[in-house]
Amino acid sequence: MIDESQAANRKFQKEITSGIASLILLRVLSDAPAPMYGYQISKVLGLKDDEAPLMKMGAIYPVLRSLEKNGLLSSEVEPSVSGPPRKYYTITDAGRAILTEWTATWHEIQGYVGNILEGNLSYE
């Protein structure tokens, strides 16, 4: 049985990782020398199903689909010699533009939250 603090921690992690996963995936694909499929991306990020740094390996697929649905990624399905067809993702121009915006927002949020967590507050 999950206690209340574990449930609260899971909820917090889910809320925090939802936007971060999109930012990370756009960044990886913006730097990629060629289109990439999900498993390749998970390897670049060092994801494993038995660990959860920010997200598990299987969690990237819904985010990739969402980014594609919103026009930030495009994809192409290609046959694979070693298994089922693979869906290769490429960042779009719209994806590059939003990555720039989201990166700036991330740095602003990171600095603001960091200051507060370090106790840089004024109660006057």
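Predicted model: local features only at pLDDT ≥ 70, side-chain atom pairs only at ≥ 80, totals over all residues.

Trainee: Okay, and what does E68 form a salt bridge with?

Mentor: With K87; their closest N and O atoms are 3.2 Å apart. That pair links distant parts of the chain, since E68 is in helix α3 (residues 60-69) and K87 is in strand β3, 19 residues apart.

Trainee: Is K87 buried, exposed or partly exposed?

Mentor: K87 counts as partly exposed, at 32% relative accessibility.

Trainee: How many salt bridges does the structure hold?

Mentor: It holds 3. Another one is between K11 and E15, whose side chains meet at 2.5 Å, N to O.

Trainee: How far apart are K11 and E15 in helix α1?

Mentor: They're 4 residues apart, so about one helical turn separates them. K11 is exposed at 53% relative accessible area, while E15 counts as partly exposed at 49%.

Trainee: Got it. And what does R27 pair with?

Mentor: R27 forms a salt bridge with D31, with the closest N and O atoms 3.1 Å apart. These two are also in helix α1, 4 residues apart, so again about one helical turn lies between them.

Trainee: Switching topic: how many aromatic pairs turn up in the whole structure?

Mentor: A search finds 1. The rings belong to Y37 and Y88: their centres are 5.3 Å apart and their planes sit at 80°, so the pair is edge-to-face. Y37 lies in strand β1 (residues 36-37) and Y88 in strand β3 (residues 83-91), so the pair ties together parts 51 residues apart in sequence.

Trainee: Are Y37 and Y88 buried or exposed?

Mentor: Both are buried.

Trainee: Which way do β2 and β3 run?

Mentor: They run antiparallel, with 7 bridges joining strand β2 (residues 73-80) to β3. A hairpin through 2 residues joins the two strands.

Trainee: Last one: which residues make the nonpolar surface patch?

Mentor: I109, Y112, V113, I116, L117, L121 and Y123 make it, and its area is about 790 Å². Take L117, in helix α4 (residues 93-117): it's exposed, with a relative accessible area of 70%. For contrast, look at S30 in helix α1 (residues 4-31). S30 is buried at 15%, and its contacts include I91, R96 and L99.

Notes
Residues numbered from 1 in each chain as written. Heavy atoms only, no water. Buried < 20%, exposed > 50% of the residue type's maximum accessible area, 1.4 Å probe, protein only. Contact = heavy atoms within 4.5 Å. Patch = residues over 30% accessible without salt bridge, like charges linked within 9 Å, V, L, I, M, F, W, Y side chains within 5 Å. Areas by Shrake-Rupley, 256 points an atom, 1.4 Å probe, with all protein chains shown as cover. Salt bridge = Lys/Arg side-chain N within 4 Å of Asp/Glu carboxyl O. Phe/Tyr/Trp six-rings, centres within 6.5 Å; stacked < 30°, edge-to-face > 60°. Pairing = 2+ DSSP bridges. Lists of a residue's contacts leave out its neighbours within four places in sequence.
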